[in-house]
Amino acid sequence: MKTYGKVSEFRKMTVKVILDDKVLYEGSVDDAPSDIKDMHYTKALLGKPTEIYVVKED
């Protein structure tokens, strides 16, 4: 599966971070825990909030 940048690239945005159909975090990217910010995403759907689909890295 192709991955792109990190969640932290969505600065100043309200997001919903989703992993395996489970919401890991919802809120401002700037306030997110560092482990969430460091995750790479596979898909982003712009909206309010923006949905960011991430993958767990080994």
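Select Ser 28: not counting residues up to four places away in sequence, Ser 28 touches Met 13 and Thr 14, where contact means heavy atoms within 4.5 Å. This is a predicted model, in which local features need pLDDT of at least 70, side-chain atom pairs count only at pLDDT 80 or more, and totals for chains, interfaces and linings use all residues. Residues are numbered from 1 along each chain as its sequence is written, and side-chain values use heavy atoms, with hydrogens and water left out.

Ser 28 lies in strand β2; helices (H or I, at least four residues) and strands (E, at least two) are DSSP runs, numbered from the N terminus. With 23% relative accessibility, Ser 28 is partly exposed (buried is under 20% relative accessible area, exposed over 50%, partly exposed in between; 1.4 Å probe, protein chains only).

Next, select residues 14–19 and 22–28. These are strands β1 and β2, antiparallel and joined by six bridges; two strands pair if DSSP finds at least two bridges between them. Within this pair, Ile 18 has Val 23 as its bridge partner in β2. The two strands form a hairpin with two residues between them, and Asp 20 in the turn has a positive phi of about 50°.

β4 pairs with β1 in the parallel sense over four bridges, and Glu 51 in β4 is the bridge partner of Lys 16.

Thr 50 is buried, at 1% relative accessible area. Leaving aside neighbours within four places in sequence, Thr 50 is in contact with Met 13, Thr 14, Val 15, Lys 16 and Leu 45.
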